[in-house]
Structures are given as C-alpha cells and as structure tokens.
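Hello,

Here is the structure I promised to pass on. Please open it alongside this note, and read on for what turned up.

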Amino acid sequence: MSSAAVERPRENRPLIAEANLIMESLPGRRVEIIGGQILVSPAPDGPHSEALMLFAAPFLQLGLVRALPGIGLWLPTGPEDYVIPDLSVVDDDYRDHRVENSCYDPACFRLVMEVTSSNWKTDLRTKVTCYARAGIPVYVIIDRRHQRLHVLTAPVRDSYTTHHIHTAGESVTLPESIGGKVVLDVSRLLEAGRPETED
C-alpha cells in the first residue's frame, strides 16, 4: 500500500487534530504532516522492522544517546508540520525538548533513519528537504527498493552537502558526532530489509 496525501477538511479544525483522528482510526499507520499536507504511510512489514532493529543495535552500546523508534520530530517547514522517523538517535535529555503533539525539537536529534516501503520517494526526496531544513546532522536511508544505503550529512538550507550511496559488500562508519563509533555492515542491513514482495 502506498502513502497518500489527505486533503484538509473544510472545517476550521487544526490539521494536527485531523491527523490524530486519522491515526486513531488507522492503527499501525504512520501519520505525518509535511508541507501542510497529511501523509499516511503503511504499517511496516517484518523485514522493515528487522532492518530497523539491526540498525539500532550498535547504538544501545553507546550510552550517551538514545536510539528510539517512532518518535515525532517537529519541523520548521510549517506551523503544524512534523514527521515520525523510523528511528531517531537523540540526546539523553530529549525529554526536555518536547514541543507539542508528542514531538520534539530538532535540536536534540543527532541522526534520523528511514527504511523505505512503498512510499520510498518520500524518504528519498521529500524528507531529505525536511530533515535538512530542520538541521538534522545525519540522515540514513535503508533503500529497500534499490538495495542501497544512503548516508547524508552536513545539512545546508534545503539539502545535505554530503550524500554517499553504499551497496552490499561495503561497511560504513557513521560520523562520531552521533555519540560514538558506529560501523554498519551494508550487506546485513539490506538483506534484513529485503522485501518479501516487490514494493
């Protein structure tokens, strides 16, 4: 199932209230607001979750940061914009940075990671701009459709100045600014996330 934009109702209700109603009526789906539009993404499948957990494992050893799945990141792109990355690496004091609607200020995020699903274009295009504008230092994408791992660093305005694409057989060392040394085995991540059926 692919993600779809949802038109804002004509009532004079905040967009966040509408997004929360959709989330309540569609359990398991991820509901975000990007550019003033509600985006509904499918629930993750098993390989999606397996890749996410494999990626998260080394962060548990660092101790200075927390790797948390599915927490909201408040965006500076619109009055109600927020996203819910698959995994976020945040400062230990992230609770002090809560903004609203269970979302946190981008200042406490060191890294965000997405595992692509049928909405892969959103992760590879739209969210690159969102995360760069929010100043997220590192954005990692496990691109299941194209069997690649993207590591984007050094955000400037609407994009990242560094974008490395890695394939099976490579290992990648993430910037130590995330809280310590993390080396990723690209083959293991891509194999763990390999879709059971074509997305």
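**What was found**

Of the 199 residues in the protein chain, 48% are buried. Please keep in mind that this is a predicted model.

**Confidence**

The mean pLDDT of the protein chain is 90. A score of at least 70 is reached by 91% of the residues. Where pLDDT is low, the predicted coordinates should not be read in detail.

**Overall build**

The protein chain has four helices and 14 strands. Its radius of gyration is 16 Å, close to the 16 Å from the globule rule for 199 residues, so the chain is as compact as a globular protein of that length. The C-alpha trace spans about 50 × 40 × 30 Å along its principal axes. The accessible surface is about 9,600 Å². Carbon and sulfur atoms account for 48% of that surface. Take the contacts between residues at least 6 apart in sequence: 55% of them join residues at least 24 apart.

**The six-stranded sheet**

In what order do the strands of the open sheet of six lie? The order is β4-β7-β9-β10-β11-β12, and the pairing is mixed. β4 (65–69) and β12 (159–166) are the edge strands. Each has a single partner strand, so one side of each is left without a neighbour in the sheet. From one strand to the next, the twist averages 15°.

Strands of a sheet pair through backbone hydrogen bonds, either parallel or antiparallel. β4 and β7 (residues 87–91) run antiparallel and are joined by five bridges. V65 has D91 in β7 as its bridge partner. L68 has S88 in β7. On to the next pairing: β7 and β9 also run antiparallel, with four bridges between them. Here V89 is partnered by L111 in β9.

Is β7 enclosed or open to the outside? Five of its five residues are buried, so β7 is largely enclosed by the rest of the structure.

**Helices across the sheet**

Helix α3 (residues 120–133) lies across β9 (109–115), β10 (138–143), β11 (148–156) and β12. It runs at about 170° to β10. Helix α4 (residues 186–193) lies across β10, β11 and β12. Its angle to β11 is about 110°.

Most residues other than glycine have a negative phi, and most peptide bonds are trans. Two residues to check against that:

- N101 is not a glycine, yet its phi is positive, about 50°. N101 sits in the loop between β7 and β8 (103–104). Its relative accessible area is 24%, so N101 is partly exposed.
- A154 is not a glycine either, and its phi is also positive, about 60°. A154 belongs to strand β11. With a relative accessible area of 33%, A154 is partly exposed.

T153 is in strand β11. Its relative accessibility is 15%, so T153 counts as buried; the cut-off is under 20%. Which residues does T153 contact, leaving aside its neighbours within four places in sequence? They are P137, V138, Y160, T161, T162 and P175.

T116 lies in the loop between β9 and α3. T116 is buried, at 0% relative accessible area.

T129 is part of helix α3. At 26% relative accessibility, T129 counts as partly exposed. T129 and L87 are 42 residues apart in sequence. In space, their C-alpha atoms are 18 Å apart.

Best wishes

Conventions:
Residues numbered from 1 in each chain as written. Predicted model: local features only at pLDDT ≥ 70, side-chain atom pairs only at ≥ 80, totals over all residues. Heavy atoms only, no water. Pairing = 2+ DSSP bridges. Helix = DSSP H or I, 4+ residues; strand = E, 2+ residues; numbered from the N terminus. Axes fitted to C-alpha atoms, helices over the stretch in contact; angles between N-to-C directions. Contact = heavy atoms within 4.5 Å. Buried < 20%, exposed > 50% of the residue type's maximum accessible area, 1.4 Å probe, protein only. pLDDT = per-residue confidence, 0-100. Rg over C-alpha atoms; globule rule 2.2 N^0.38 Å. Areas by Shrake-Rupley, 256 points an atom, 1.4 Å probe, with all protein chains shown as cover.
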